[in-house]
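Welcome, and thanks for taking a look.

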Amino acid sequence: MDPADLDDDPLCQLGRWVEEARGAGEELPEAMCLATVSGDGIPDARMVLMRGLDHGVVFFTDYESAKGRELALNPCAASVFHLPHPVRRQVRLRGTVDRVTPEESDRYWMTRPAASRRSATASHQSTVIESRAVLEAAVASLGDAEPARPARWGGFRITPFTMEFWEEGRARLHDRVRFDRDAEGWRSARLSP
Ligand SMILES: Cc1cc2nc3c(=O)[nH]c(=O)nc-3n(C[C@H](O)[C@H](O)[C@H](O)COP(=O)(O)O)c2cc1C
């Protein structure tokens, strides 16, 4: 990887690598590990799907889930995309997090199949439930309804201030390029692997 071949905008570069991985057969290149920090400073991490890529990285979730609560307290996150065989790449980012507009969440909600919308409506993510049967009964009680988006469900956008592109090299001499954003825009530097 030559830093000169990377896009000046690392968000565009992320989109390129995700699509190259998809083209190479990766089934879910938009899956990313999302790390947040709880109020008492303990990190937490889980997978989510990138559902939008513009001046930030957008994912959708339950605002009242553990991650939603953590982001309300500390609106910063780190994410990692692992794009394994055959491209052998990793993209890391850290940034500030905001809710997307209700209109953006509504638009995405309407792209989901009705059954998924019913499941998201019935499931209060990260709360303790008595059994799977209780959850299934809550979904069944909605019948064939096409529920409107619950206010507690929507998108977050991570606006990165740093991003790092890693590509496997021969004999452990991997390539790493980090982008940092300042008032003038993005600057990149090569890092030792
Ligand atoms: C590949 C994959 C993709 C996932 N995508 C999402 C997602 O986009 N949004 C979401 O809320 N949970 C997603 N999940 C479930 C989360 O990993 C997690 O279990 C859930 O969001 C609750 O996390 P929390 O209790 O830390 O808030 C996904 C899980 C996997 C394995």
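Helices (H or I, at least four residues) and strands (E, at least two) are DSSP runs, numbered from the N terminus. This is a predicted model, in which local features need pLDDT of at least 70 and side-chain atom pairs count only at pLDDT 80 or more, while totals for chains, interfaces and linings use all residues. Residues are numbered from 1 along each chain as its sequence is written, and side-chain values use heavy atoms, with hydrogens and water left out.

**The ligand site**

The ligand is surrounded by Leu28, Arg46, Met47, Val48, Leu49, Phe60, Thr61, Ser65, Ala66, Lys67, Gln125 and Ser126. Which elements each supply at least two residues of this shell? They are strand E2 (43-49), strand E4 (57-62) and helix H2 (66-73). The largest share, 4 residues, comes from E2.

By residue type, the shell divides into 6 nonpolar, 4 polar and 2 charged residues. Here Ala, Val, Leu, Ile, Met, Phe, Trp, Tyr, Cys and Pro count as nonpolar, Asp, Glu, Lys and Arg as charged, and the others, Gly among them, as polar.

| Residue | Protein atom | Ligand atom | Distance |
|---|---|---|---|
| Phe60 | polar backbone atom | nitrogen | 2.9 Å |
| Ala66 | backbone N or O atom | oxygen | 3.3 Å |
| Gln125 | polar side-chain atom | oxygen | 3.1 Å |

Taken alone the ligand exposes 620 Å², and the protein buries 63% of that. Accessible areas come from the Shrake-Rupley method with a 1.4 Å probe; for residues, only the protein chains shown count as cover.

Next come Arg176, in strand E8 (residues 175-182), and Thr159, in strand E7 (residues 153-167). Buried means under 20% relative accessible area, exposed over 50%, and partly exposed in between (1.4 Å probe, protein chains only). Arg176 counts as buried because its relative accessible area is 19%, and Thr159 is buried too, with 18%.

What does Arg176 touch, not counting residues up to four places away in sequence? With contact meaning heavy atoms within 4.5 Å, the list is Met1, Arg92, Glu164, Phe165, Trp166, Ala189, Arg190, Leu191, Ser192 and Pro193. A polar atom of the Arg176 side chain also lies 3.1 Å from the backbone oxygen of Ser192.

**Backbone details in loops**

Most residues other than glycine have a negative phi, and most peptide bonds are trans. The peptide bond from His85 to Pro86, however, is cis, with omega near -5 degrees. Pro86 sits in the loop between strand E5 (76-83) and strand E6 (89-99).

Arg88 is found in the loop between E5 and E6. Although not a glycine, Arg88 has a positive phi of about 55 degrees, and at 36% relative accessibility Arg88 counts as partly exposed.

Arg172 lies in the loop between E7 and E8. Arg172, again not a glycine, has a positive phi of about 70 degrees. Is Arg172 buried or exposed? Arg172 is exposed, because its relative accessible area is 54%.

Notes: A residue is near a molecule or strand if one of its heavy atoms lies within 4 Å of it. A polar contact is a pair of N or O atoms within 3.5 Å; within protein, one must be able to donate a hydrogen and the other to accept it, and residues adjacent in sequence count only if both atoms are side-chain atoms.
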